[in-house]
Structures are given as structure tokens and as C-alpha cells.
Amino acid sequence: MKSFFKKIGILSIASFSLLSCDMNDDNNQNLNPFPTSNELNALFSEAINSRKQVFTIDASTTNYITTTQGAIIQFNAGAITLNSTPVAGPVTVEVIEIYQRGDMLVTNKPTVAKLPGNNFEILTSGGEIYVNAKQNGQQLATSGYVIQIPAALTGGLDTDMDVFTGEFLPDGNLVWVQQNQWDLGFGNSAAPAYTTFSANFGWTNVDKFYTHPNPKTTINVIPPAGYTNANSEVFLSLDGDDNSLVNLFGDPLTQTFTFNSYPAFPIGLECHIIFISEENGMWKYGIKPVTIQENGTYTFSAGELNTASEANLVQIINNLP
């Protein structure tokens with residue numbers, strides 16, 4: 001009988017220990033249920049890296065690189081340099097091309113122009129292209145190259161497009177700066193395309209400013225409790241514009257997201273506000289259809305959020321109106 005009670009006692013202690021461990025594990029998990037900025041940025045980096053196309057060219061000759069989606073990048077002989085001297089031999093060229101808003105979102109490459117005075121405007125894209133070159137792992141420079149993007153990739157030719165280059169803000173967001181000194185060609189009727197010169201490695205974008213006849217306003221978006229500008233992002237998808245995606249900028253003091261201190265969003269604009277974060281290596285997201293109201297404030301709750309893989313999220317965003 002003593003042995004029986006002794007066994008019961010041992011089992012009770014073991015069960016209590018296991019229960020304590022489970023409770024502690026749950027408590028530990030609840031100590032910080034929200035992602036860090038590094039975890040969200042890791043998703044953006046993974047999306048960027050998965051879209052890199054790598055080519056090897058001979059820098060001493062003229063080269064034409066054709067991307068997987070049909071863009072053409074032309075390097076003339078001697079156009080790739082190191083310390084202002086043309087290099088020779090094999091060079092590794094990296095290319096990333098982005099045309100749809102789903103890809104813009106998961107790579108964090110929206111269509112927003114930076115204007116003088118640190119103000120911003122909405123753009124519609126005819127194609128975002130990143131080009132870089134290295135030799136034996138060493139970063140190279142360039143005297144310039146030509147980019148040609150088929151207009152069919154973004155719904156057809158639009159002669160209002162212009163050339164923009166990418167610039168990173170201190171918070172890591174990419175914005176686009178208009179380059180009036182570079183001409184944009186439009187191909188021919190048989191093969192309409194956007195053709196431009198780029199003087200530096202990095203991001204180039206064919207864009208036009210988004211226009212709407214209605215008066216404009218500012219808006220604010222409030223994320224769910226626990227989410228901040230450090231571990232989440234907010235974007236706007238404009239209904240009827242498949243090639244535009246706007247990011248809002250998070251205010252660390254108010255923990256809200258906005259765009260400009262001056263009105264930039266047309267009143268009455270139909271769009272979808274998209275909240276983005278990370279959870280256990282997946283994308284955490286919420287989508288809210290809205291019609292922009294004057295000085296509107298839009299709030300997300302935790303109950304409105306879902307998770308998705310990158311591929312599923314891209315498809316969800318691309319399928320928005």
C-alpha cells in the first residue's frame with residue numbers, strides 16, 4: 001500500500017511540474033506576442049532575394065540582357081567600371097523587376113514620389129527595375145546603361161510616363177525621385193515599350209503622377225494594439241489601378257500611419273487599406289475596403305487580421321479591384 005501511495009505522490013509531483021512548465025511556456029509566449037522590426041524586415045528581404053535574376057556577362061563587349069518578363073538591359077563595352085576604369089572579363093549582373101502591386105507590397109517597393117520639401121505624391125508605375133553589378137564579389141560602378149520595358153507588362157503604353165530613380169529614406173522606405181534630364185522613349189506601334197537611360201546602379205522606375213479630379217484630404221490609420229511603425233506597415237491599393245501601391249508613414253509618437261502633412265488623397269477615392277506585419281515566419285495582414293472621407297481615420301483590430309504565405313498574399317493583393 002505504501003508503494004502505491006508513493007507512486008501516486010510521484011505522479012502528482014510530475015503532473016504538477018509538467019503543468020507548471022506548460023503554464024510558464026504560455027506565459028513566456030505571451031510576454032512578447034508581437035514581431036520585431038527585424039522579423040518583418042526578414043520577410044521583405046526574403047521576397048526581394050527570391051526575385052533576383054543573376055546573369056554573367058563579358059564587360060569588355062556590348063551585352064543585351066533579357067529578363068524573365070521580357071525587359072532588356074543594354075550595357076555597351078566598357079560601361080561597367082571600377083574606380084572609374086572600365087573592367088574586363090566576367091561580371092555578375094543582378095536584376096529585379098516589379099510590375100504588379102502584390103509584388104510591390106511584399107518587397108516594400110511602393111509607388112510614392114518624393115517632392116521638394118519632403119512631401120510625397122502618388123504614382124502609377126510602368127515598371128520598377130533594379131540593376132547591380134559585381135566582379136569577384138566587389139561592387140562595381142557604371143557610366144550608364146539602357147533599360148527597355150515592354151508596355152504590355154503594365155496594361156499598355158502611356159505616353160504620360162516619365163523616369164524616376166529610387167532613393168532610400170532614413171527609415172528604410174524607398175521613394176522615387178523624378179529625373180527630368182533623362183528622356184523616355186516609347187518604342188514603336190509594333191512593340192510599344194518604355195526605353196530610358198540610367199546613369200547609376202540601383203532602382204529605376206517608369207511612372208506618372210496619379211491624377212483625380214476631386215479635392216484632396218489627409219487620412220490616418222490606427223494599427224491594432226501592440227503594432228507600431230517598427231513592426232508593421234500600412235499600404236493603400238487604389239481601386240482600378242493595378243500598377244499603383246501607396247505606403248503610409250508611421251509616426252512613432254502617435255503610433256498612427258499617415259502620408260503627408262498636406263492633403264494628398266482624393267475625397268471619394270475608392271481603395272483598400274492594407275495592414276501588414278509578421279507572425280511565425282508568415283505574413284500577418286488585414287484588408288479594409290474604404291471610400292476616402294475628409295480627414296478620415298481608419299482603425300484595424302486584431303480580429304480583422306489573417307495570416308498567409310508570400311505567394312498567397314501576392315495573389316490576394318493582385319486580385320483586389
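Guide: Confidence comes first, and it is given by pLDDT, the predictor's confidence in each residue, on a scale from 0 to 100. The protein averages a pLDDT of 90, and 90% of the residues score at least 70. Over residues 1–31, however, the pLDDT is below 50, and beyond near neighbours in sequence this stretch has 0 contacts in the model, a contact being heavy atoms within 4.5 Å. This is a predicted model, in which local features need pLDDT of at least 70 and side-chain atom pairs count only at pLDDT 80 or more, while totals for chains, interfaces and linings use all residues. Residues are numbered from 1 along each chain as its sequence is written, and side-chain values use heavy atoms, with hydrogens and water left out.

The part to look at is strand 6, residues 90–98, where strands are DSSP runs of E with at least two residues, numbered from the N terminus. Because 7 of its 9 residues are buried, strand 6 is largely enclosed by the rest of the structure; buried means under 20% relative accessible area, with a 1.4 Å probe and protein chains only. Strand 6 runs antiparallel to strand 1 (residues 53–58), and 6 bridges join them, with Val 93 in strand 6 as the bridge partner of Phe 55. Two strands pair if DSSP finds at least two bridges between them. Strand 6 is also joined to strand 8 (residues 119–135) by 7 bridges, again in an antiparallel arrangement, and here Ile 96 stands opposite Tyr 130 of strand 8.

Technical notes: Buried means under 20% relative accessible area, exposed over 50%, partly exposed in between (1.4 Å probe, protein chains only). Helices (H or I, at least four residues) and strands (E, at least two) are DSSP runs, numbered from the N terminus.
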